[in-house]
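Open the model in your viewer and keep the sequence panel beside it. The stops below go from a single pair of residues out to the whole chain.

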Amino acid sequence: MTARPPSETATSFAWTEIEPDHPRKGIARHRIMGEHSMVCRMDVDEGFHADPHVHANEQIAILVEGRVRFRVGTIGSDEFRDEVIGPGQVIVLPPNVPHGATALEPSVLFEVFSPPSEKTGLDQG
């Protein structure tokens, strides 16, 4: 379930009251969809892997628990890099930049997408 606040008033939610979806094995995703942005709480199992993908949304990932390896850029290009983030770290992924991720241990992260969309890279493939 995706929580959708009415656009004319402020609304509060509790993550525990939002039913997660499971776009792939090894992940529980809770989403709140605003008019101009979307935030997701993601609980991922160790070894969860998101294949490299691109999307038009800017994406900001904030790691709360665990460690996640992000692969950013086109493999083989000068811009390609691996970056491992841990608790309290943030990675900003601009629109249309290829990226993928692998959970190196059980992890909890929040991701902000702008603009919001029904589908993310996890829903591809």
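Select Ala 61 and then Glu 111 in E10, which stand opposite each other. This is a predicted model, in which local features need pLDDT of at least 70 and side-chain atom pairs count only at pLDDT 80 or more, while totals for chains, interfaces and linings use all residues. Residues are numbered from 1 along each chain as its sequence is written, and side-chain values use heavy atoms, with hydrogens and water left out.

Now widen the selection to residues 58–65, strand E5, and residues 107–114, strand E10, which pair in the antiparallel sense over seven bridges; strands are DSSP runs (E, at least two residues) numbered from the N terminus, and two of them pair if DSSP finds at least two bridges between them.

Next, colour the open sheet of six strands, whose order is E1-E2-E3-E10-E5-E8 with mixed pairing. At its edges lie strand E1 (2–3) and strand E8 (90–93), each of which pairs on one side only.

Finally, show the whole chain, which has 10 strands and zero helices (helices being DSSP runs of H or I, at least four residues). Its radius of gyration, taken over C-alpha atoms, is 14 Å, close to the 14 Å that the globule rule (2.2 Å times the number of residues to the power 0.38) gives for 125 residues, so the chain is as compact as a globular protein of that length. Along the principal axes, the C-alpha atoms fill a box of roughly 45 × 30 × 25 Å. If you colour by accessibility, buried residues (under 20% relative accessible area, with a 1.4 Å probe and protein chains only) make up 36% of the 125 residues.

Definitions and conventions:
Buried means under 20% relative accessible area, exposed over 50%, partly exposed in between (1.4 Å probe, protein chains only).
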